[in-house]
Amino acid sequence: MERVLLILLAFIIFSAGCVTTAEEWNQRGETHHAMGRYGEAVAAFDQALSLDPDYSEAWKNRGLSLALLGRTDESGESFARAITLDPTDSEIFYYQALSRNSSGNRSAALESLDAAIALPPQNRDQAIILFQSLMMRGDLLTIENRTDEANRSYQMAHEIMMGTI
């Protein structure tokens, strides 16, 4: 058992030293995020951004992890930076909407969703983000008793999904 622990420790030390690019740090952050270790994810995204401050994917991922930690102001700053760097990434706007809604700012969440919806999907992944954005928009509009608008969002989501399958 002691030998296994030493090998595992050596592997962790070795692999930590091998992360040298912003992309590798971003990937490490995504792994931590997927495991629910949001603080460690933010630290990894910060490392990526120290190597490449214009890496929009790391800013987007950092924003999402911060939102899940409840650090909404920092999350908002990360999303704003990501949008500045890549205003055509609908996923940034969708994540921003999730963060804004979770902090109780429904109107700002709707603004983010409208921005995501305005971007035409270029591939299947973007079509899925469009679907999710339309569904979330429908849900938020339903809460506000704006049923006609909500129904239009749901109908558009249905049409997008049928075209994606």
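The model is predicted.

**Stop 1: the tyrosines.** Select Tyr94 and Tyr95. Their rings make up the one aromatic pair in the structure. The ring centres are 6.1 Å apart and the planes meet at 45°, so the pair is tilted. An angle under 30 degrees would have counted as stacked, and one over 60 as edge-to-face. Are Tyr94 and Tyr95 buried or exposed? Both are buried.

**Stop 2: Arg81 and Asp54.** Turn to the charged side chains. How many salt bridges does a search of the whole structure find? It finds eleven. Select Arg81 and Asp54 for one of them: their closest N and O atoms are 2.8 Å apart. Colour by secondary structure next.

**Stop 3: around Arg146.** Select Arg146, Glu144 and Glu149. Arg146 forms a salt bridge with Glu144, at 2.8 Å from N to O. Arg146 also bridges to Glu149, where the closest N and O atoms are 2.8 Å apart. Arg146 is partly exposed at 32% relative accessibility. Glu144 is partly exposed at 28%, and Glu149 is partly exposed at 25%.

**Stop 4: a network.** Finish by selecting Glu57, Lys60, Asp89 and Glu91. Salt bridges with shared partners join these four residues into one network.

Terms used. Residues are numbered from 1 along each chain as its sequence is written. This is a predicted model: local features need pLDDT of at least 70, side-chain atom pairs count only at pLDDT 80 or more; totals for chains, interfaces and linings use all residues. Side-chain values use heavy atoms; hydrogens and water are left out. Rings of Phe, Tyr and Trp (its six-membered ring) pair if their centres lie within 6.5 Å; planes under 30 degrees apart count as stacked, over 60 as edge-to-face and the rest as tilted. Buried means under 20% relative accessible area, exposed over 50%, partly exposed in between (1.4 Å probe, protein chains only).
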